[in-house]
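Hi everyone, thanks for coming.

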Amino acid sequence: QVQVVESGGGLVQAGGSLRLSCTASGSFFGINAMAWYRQAPGKLRELVAAITGSGNTNYADSVKVRFTISRDNAKNTVHLQMNSLKPEDTAVYYCNVNVRQFGNRNYWGQGTQVTVSS
């Protein structure tokens, strides 16, 4: 099995910063893409940022310039640096990893709450 654990959420004032981290562990041969999603109350889960195994990234338009995704392949970890946070960034943030087992498979973390006060 694969475990995906997020950390780093919390409460911050508008304009502040937070750094989320996510580590995957368990039985797999390697990790393909890693990504962060978020879900605000009453809204659908949306992609925030993703990074491939080779380091290519893509971002939601709403977070471009403000957020940076990075990964440490040696530690099976992905980070999301969030700067200039806005109240509309408030959501539960979920980590998703696509791992190589006998075939590729997606796993989700349990989510971490990010709350931005105005």
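Let's begin with Tyr94, which is buried, with a relative accessible area of 14%. Buried here means under 20% relative accessible area, exposed means over 50%, and partly exposed is in between, using a 1.4 Å probe and protein chains only. Trp108, at 39% relative accessibility, counts as partly exposed.

A word on where this comes from: it is a predicted model, in which local features need pLDDT of at least 70 and side-chain atom pairs count only at pLDDT 80 or more, while totals for chains, interfaces and linings use all residues. Residues are numbered from 1 along each chain as its sequence is written, and side-chain values use heavy atoms, with hydrogens and water left out.

Now, how many aromatic pairs does the structure hold? There are three. Rings of Phe, Tyr and Trp (its six-membered ring) pair if their centres lie within 6.5 Å; planes under 30 degrees apart count as stacked, over 60 as edge-to-face, and the rest as tilted. In one of these pairs, Phe29 and Phe102 are edge-to-face, 5.3 Å centre to centre with 90° between the planes. Phe29 lies in the loop between strands S3 (18-26) and S4 (30-39), and Phe102 in the loop between strands S9 (91-101) and S10 (103-108), so the pair ties together parts 73 residues apart in sequence. Strands (E, at least two residues) are DSSP runs, numbered from the N terminus. Both Phe29 and Phe102 are exposed.

Back to our opening residues: the ring centres of Tyr94 and Trp108 are 6.5 Å apart and their planes are at 85°, so this pair is edge-to-face too. Tyr94 sits in strand S9 and Trp108 in strand S10, 14 residues apart. Ring pairs join Tyr37 to Tyr94 and Trp108 in a cluster.

Which residue lies over the face of Tyr94? That is Arg45, at 3.7 Å from the ring centre. The charged end of Arg45 also sits over the ring of Trp108, 4.6 Å from its centre. The rule for this is CZ of Arg, or NZ of Lys, within 6 Å of the ring centre and within 35 degrees of the ring normal.

Last stop, the largest nonpolar core: a set of buried Ala, Val, Leu, Ile, Met, Phe, Trp, Tyr and Cys residues joined through side-chain atoms within 4.5 Å. Of its 32 residues, Trp36, Leu80, Met82, Tyr93 and Val97 touch the most other members. S9 gives the most to this core, with five residues.

How values were computed
Helix = DSSP H or I, 4+ residues; strand = E, 2+ residues; numbered from the N terminus.
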